[in-house]
Amino acid sequence: MNDEKLLTSMLHTVQMGQVGIRSVMKNAIGTQLKVELKAQLKEYDTLEKETLSLATSKGLSLKDLNPALETMSTMMSKVQLLGGEVDSKIAGMLIQGNTRGMILGVKNLRKAKKADPKVCELANRLLNRENINIQKSQQFL
């Protein structure tokens with residue numbers, strides 16, 4: 001896997017996180033969960049900017065997440081939030097999304113044996129963020 005593919009995958013992971021959080025943010029009931037969602041979204045925004053900046057510095061132009069995936073994700077979130085225990089459902093969805101992101105990230109890093117160390121460092125930061133998000137989301141289950 002080359003730098004461009006790794007950076008594109010990271011961008012899409014971050015953008016899916018942003019879409020997921022934005023699609024459930026207004027449904028959160030508890031104040032603590034709302035604060036946590038805003039914090040996670042801010043981290044994803046920062047990682048998105050850093051990913052795009054690193055790509056630009058390497059002369060790469062990354063494609064954004066497919067808009068159809070954004071639409072499907074938003075619709076799925078609405079369906080999953082039907083019924084009670086909304087905050088717990090949101091936390092579960094966050095954990096599932098972060099877990100999928102971690103699995104993909106680890107696989108991609110293993111394939112990226114010759115990737116630029118700066119790209120690998122950013123990919124590892126994303127993995128670390130996903131792990132932190134899982135830990136923080138568990139309290140809302």
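Predicted model: local features only at pLDDT ≥ 70, side-chain atom pairs only at ≥ 80, totals over all residues.
**Exercise 1. Asp-3**

Task: Classify Asp-3 as buried or exposed and list its contacts, leaving aside neighbours within four places in sequence.

Solution. Step 1: Asp-3 lies in helix α1. Step 2: its relative accessible area is 16%, so Asp-3 is buried. Step 3: with neighbours within four places left aside, Asp-3 is in contact with Lys-58, Leu-60, Ala-115, Asp-116 and Val-119. Step 4: follow two of these partners. Val-119 is one of the buried residues of α5. Asp-116 has a side-chain oxygen within 2.7 Å of the backbone nitrogen of Lys-118, at the start of α5.

**Exercise 2. The span of α5**

Task: Work out what span helix α5 should have, and compare it with how far apart its end C-alpha atoms are.

Solution. Step 1: α5 covers residues 117-138, which is 22 residues. Step 2: the expected span is 1.5 Å times one less than the number of residues, so α5 should span 32 Å. Step 3: the end C-alpha atoms are 32 Å apart, which agrees.

**Exercise 3. How α5 packs**

Task: Identify which helices the buried residues of α5 pack against, then describe the packing of α2 and α5 by angle and axis separation.

Solution. Step 1: the buried residues of α5 include Leu-122, Leu-126, Arg-129, Glu-130 and Asn-133. Step 2: the buried residues of α5 pack against α1 (3-25), α2 (31-57) and α4 (86-111). Step 3: between α2 and α5 the angle is about 170°, and the axes are 11 Å apart. Angles over 145 degrees count as roughly antiparallel, so α2 is roughly antiparallel to α5. Step 4: residues making the contact include Tyr-44, Leu-47 and Glu-50 of α2, and Leu-122, Arg-125 and Arg-129 of α5. Step 5: sorted by type, the contact of α2 with α5 has eight charged, six nonpolar and four polar residues.

**Exercise 4. Ser-137**

Task: Decide whether Ser-137 is buried or exposed, and find which residues it touches beyond four places in sequence.

Solution. Step 1: Ser-137 is part of helix α5. Step 2: its relative accessible area is 1%, so Ser-137 is buried. Step 3: its contacts, neighbours within four places aside, are Gln-40, Ala-91, Leu-94 and Ile-95.

Note on methods:
Residues numbered from 1 in each chain as written. Heavy atoms only, no water. Helix = DSSP H or I, 4+ residues; strand = E, 2+ residues; numbered from the N terminus. Buried < 20%, exposed > 50% of the residue type's maximum accessible area, 1.4 Å probe, protein only. Contact = heavy atoms within 4.5 Å. Polar contact = N/O pair within 3.5 Å; in protein donor to acceptor, adjacent residues only side chain to side chain. Axes fitted to C-alpha atoms, helices over the stretch in contact; angles between N-to-C directions. Parallel < 35°, antiparallel > 145°, perpendicular 65-115°, else oblique. Nonpolar A, V, L, I, M, F, W, Y, C, P; charged D, E, K, R; others polar.
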